[in-house]
Amino acid sequence: MGSSSQSRRQRREKRSDQTRSRLLAWAELQKLYDQIPPMTCKGKCTQACGLIPLERLELEEIRRRLGRRFQEKWLRSGEAYGVEFMLGTDELECPLLVDGKCSVYDIRPLICRLYGVAAGMRCQHGCECTRVMSDVEAKALIKKVGKLSADLYD
Ligand code: SF4
């Protein structure tokens, strides 16, 4: 076997290792999301869909979902918030809010899932969750998601 076909095979193997690691990390992320108590959402909080902090693991899933519709200009550094990225338009709105609805609801980032559930982020429209998460609990979850993302990408 020639060296070029060998390196092609190595590249293919590397890509499939990366895909496997990403899928495993995504499955772990779902388990962390599942720790958030469910809530009945009336969909009235879209004005809260502003500039959002998110981890790279969450960002890459959104990027994959949107493909060419994803715009790099939506990205800002999340350093001030202790995360890797912030996502938002120049008007500081979430670009994923389309026609008044979240266009990536099933893969929305952690911060959006905590809204209305964490003690410090209660819903102003009266939507109720089955259990309010303490801020300590919410912060611990934020930390775990950050670590999962860092383990994969750093
Ligand atoms: S990702 Fe969805 S839920 Fe989160 S801020 Fe954007 S539009 Fe709102």
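Tutor: A term to begin with: two residues are in contact if their C-beta atoms, placed from the backbone, lie within 7 Å. Also, this is a predicted model.
Student: Okay. What share of the contacts with a separation of 6 or more comes from residues 24 or more positions apart?
Tutor: In the protein, that share is 72%.
Student: How many helices and strands does the protein have?
Tutor: There are 4 helices and 5 strands. Along the sequence, the pattern reads α-β-α-β-β-β-β-α-α.
Student: What about the sheet, what order do the strands take?
Tutor: The order is 1-3-2, in an open sheet of 3 strands with antiparallel pairing.
Student: Which strands stand at the edges?
Tutor: Strand 1 (52-54) and strand 2 (75-77). Each has a single partner strand, so one side of each has no neighbour in the sheet. On average, neighbouring strands here are turned by 40 degrees against each other, direction ignored.
Student: How many bridges join strand 2 to strand 3?
Tutor: There are 3, and the two strands run antiparallel. Strand 3 covers residues 85-87. Its phenylalanine 85 stands opposite serine 77.
Student: New topic. Which residues surround the ligand?
Tutor: Cys49, Ile52, Cys94, Leu96, Leu97, Cys102, Val104, Arg108 and Cys112. By class, that shell has 8 nonpolar residues, 1 charged and no polar ones.

Key: Residues are numbered from 1 along each chain as its sequence is written. This is a predicted model: local features need pLDDT of at least 70, side-chain atom pairs count only at pLDDT 80 or more; totals for chains, interfaces and linings use all residues. A residue is near a molecule or strand if its C-beta atom, placed from the backbone, lies within 6 Å of it. Ala, Val, Leu, Ile, Met, Phe, Trp, Tyr, Cys and Pro count as nonpolar, Asp, Glu, Lys and Arg as charged, and the others, Gly among them, as polar. Two strands pair if DSSP finds at least two bridges between them. Axes are lines fitted to C-alpha atoms, for helices over the stretch in contact, and angles run from 0 to 180 degrees between N-to-C directions.
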